[in-house]
Amino acid sequence: MQATPIELYNADGDSIMMPASLGICPTCQGKGVQALHGAAFTHEQFSEWHGDERDAYFRGDYDTKCETCNGTGRVSVPDRSQWTDAELQQYENQQSEASSWESRVGA
Ligand SMILES: [Zn+2]
């Protein structure tokens, strides 16, 4: 897998393609799978499971492909050696705007 260039919007709203490198996927920590779609459950809930359910869980029967990295365990991240601080800052703003927009439409 190769890193795909990252699209960055400059102050004029033009998009530019920036060099990227491969980083560990923050969602699955590089494993490429998520158990139960990344659902988190408490120890208490887990203790109510039957023994065979727990076995299945630890065997990975409930694992699903990580959607963030498409199961590769790697994601494209800014190649910091080739980005300026201003570009990195702009990218971070862009990411937080995207996630706040998603939470608004998802509500
Ligand atoms: Zn992932």
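Two residues are in contact if their C-beta atoms, placed from the backbone, lie within 7 Å. With that in mind I looked up Val75 in this predicted model, and, leaving aside its neighbours within four places in sequence, I found Val75 in contact with Gly23, Cys25, Thr68 and Cys69.

I then turned to the largest nonpolar core, which has 5 residues, namely Cys25, Cys28, Cys66, Cys69 and Val75. As a general note, nonpolar side chains in soluble globular proteins tend to be buried together.

Next I checked the confidence: the protein chain averages a pLDDT of 85, and 90% of the residues score at least 70. Among the elements of the chain, I noted that strand E3 (residues 20-24) has the highest mean pLDDT, 96, while helix H1 (residues 43-47) has the lowest, 80.

For the strands, I looked at E1 (residues 6-9) and E2 (residues 15-18), which run antiparallel and are joined by 4 bridges. Leu8 stands opposite Ile16 in E2. The two strands E1 and E2 form a hairpin with 5 residues between them, and in the turn I found Gly13 with a positive phi of about 85°.

Helix H2 (residues 51-59) came next: the number buried among its 9 residues is 0, so H2 lies largely in the open. After H2 comes Gly60, whose phi is positive, near 95°.

Last, I looked up Gln2, which sits in the segment before E1. Gln2 counts as exposed because it has 9 C-beta neighbours inside 10 Å, and the cut-off for exposed is 12 or fewer. I also noted that Gln2 and Arg74 are 72 residues apart along the chain, yet their C-alpha atoms are separated by 9.3 Å.

Note on methods
Residues numbered from 1 in each chain as written. Pairing = 2+ DSSP bridges. Buried ≥ 20, exposed ≤ 12 C-beta atoms within 10 Å, placed from the backbone. pLDDT = per-residue confidence, 0-100. Core = buried A, V, L, I, M, F, W, Y, C linked by C-beta atoms within 7 Å.
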